Amino acid sequence: MTDSRARDILSRQAELETERAAYEPVWEAVAEFCDPDAPDIWTGRRTSRGESQAERQERRGSRVYANTINSAANRLAAGLESLIIPQSEKWHGLTTAEMDDEETDEEKEWAEALRDFLFALRYSANSNFVPATQACLRNVVRYGPAYLYAEEGFGGTLIRYASIPVVEGYLSRNRWGQVDTFHRRYERTARQAAQLLGYEKLPARIKALVDDPAKCEGKVSLIQCVQPRDERRMYRSGGSYQYLDAAFASYHVIEDEEEIVRESGFRTFPVSIFNWRRYEGDAYGISPSIEALTTVREENAVRRSGLRALQQITDPPTASKARLDYVPVLNPGENYPGLIDDNGRALIQPIATGQNPSYAFDYAASRAEEIRDMMFVNLFQTLVQNPQMTATEALIRQEEKARCSGRRVRSSRPALPQISTASFRSWKTRASMTRTAASRRRRVLPARRCGRPSPARSTCCAARPKPATPSRW
């Protein structure tokens, strides 16, 4: 039996697919030159059995002759990671102070301990934070948008991060340009769907696939919808109202069955959205690879022509005066009797048209250098360009690099509060013992006077426990 909410989600999915269709041809062109391992699913070339990596490399290798954009994109993504979220540093802090308040030493100590705990949680072996963020930064550099999904883990893992592929993500923004609705359309095997959603919640047809060992690896199309909850129930506690429901609802729909099989919620939006550059009204934005796409095509065409000219020199075509009974393969060091006439002239002559591929390769090199400039590769080559640089010169170059790349780095920074909020949300939900210890520590904070006595005691009202919030991005 179908659900009306599931039909509404599928209808919204169709609208989001129509909106995103304008971006997909450009993303496919980027994937051809810059992401050789990406599956071809943008224009419906996906087959039922799928395409192996070797087949994709063979097909794309016959059309791509330059790898400049791919290596530059990987280097830029690594540089962004070192500037935004370096693994060797703690790149954000926590504070309990408000705008017009100051922290005590005890509050600073507690916030610092909580920050260290969050970083230990985030960079644990099972959280998958580093591979997920690296994949997101590569997607930002290549396509423009990137999606980092954080959900509560299981067992010893409190939180787990996952990079959602660009092809699976569909989004909608509110009046302020913030993403508040996210759809993910993806495929899992029937066995994986049972592990993800629960066997008891699956429809009868999917259960039959799971129970059959020969069909349990069959694909099931799923849609996850995360959107603001329209109606939230409230209750009164201690003179104030609290919400019973989470702010964002999450639904998992089996597309073929038109049925919601899992419903949950999030207190904060669980998907951190990265963007390289986005104009007002532009849902997905653009990337530096898209900006350099014209130059990338130009370099590819010039290198292809240069390789053809080089092949004319190293393996030229041949001509003969009369039609020969056979045309031998001329291998070096071998003797071919009967190919010289009575006057000592060769019966087969190479056709030399005077190609000079160096001009093409020089022009392609200039296009490659322009691509590196557009991808900001030169900003991360301070020591490579001049290994004998003094410490003062290196410091000046680092400051110049920070000023030049700061504008681009700031475009990706809005996703950082969401990352830390996701970690903090999981900590508040799962680490009850830590939360209890933190509340006890807050109760012993010393009172501070500010001239505004509390009705209960002559202490500052700011000494009351305050929630910790991420700060200093």
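Predicted model: local features only at pLDDT ≥ 70, side-chain atom pairs only at ≥ 80, totals over all residues.

Biologist: What is the order of the strands in the open sheet of 3 strands?

Modeller: The order is E3-E2-E11, and the pairing is antiparallel. From one strand to the next, the twist averages 20 degrees.

Biologist: Why are strand E3 (159–164) and strand E11 (271–275) called edge strands?

Modeller: Each of them pairs on one side only, which means that both count as edge strands.

Biologist: How do you know that strand E2 (residues 145–152) pairs with E11?

Modeller: Pairing requires at least two bridges. Strand E2 and E11 are joined by 5 bridges, so they pair, and they run antiparallel.

Biologist: Now the helix: where does H6 (residues 129–142) lie?

Modeller: Helix H6 lies across E2, E3 and E11, and runs at about 160 degrees to E2. Just after H6 comes Gly144, with a positive phi of about 115 degrees.

Biologist: How do you know that the span of H6 agrees with its 14 residues?

Modeller: At 1.5 Å a residue, H6 should span 20 Å. Its end C-alpha atoms are 20 Å apart, so the two values agree.

Biologist: What makes H6 mostly covered?

Modeller: A residue is buried if its relative accessible area is under 20%. In H6, 10 of the 14 residues are buried, so the helix is described as mostly covered. Among them are Phe129, Leu137, Val140 and Val141, as well as Asn139 and Arg142.

Definitions and conventions:
Residues numbered from 1 in each chain as written. Heavy atoms only, no water. Helix = DSSP H or I, 4+ residues; strand = E, 2+ residues; numbered from the N terminus. Axes fitted to C-alpha atoms, helices over the stretch in contact; angles between N-to-C directions. Contact = heavy atoms within 4.5 Å. Expected span 1.5 Å × (residues − 1). Buried < 20%, exposed > 50% of the residue type's maximum accessible area, 1.4 Å probe, protein only.
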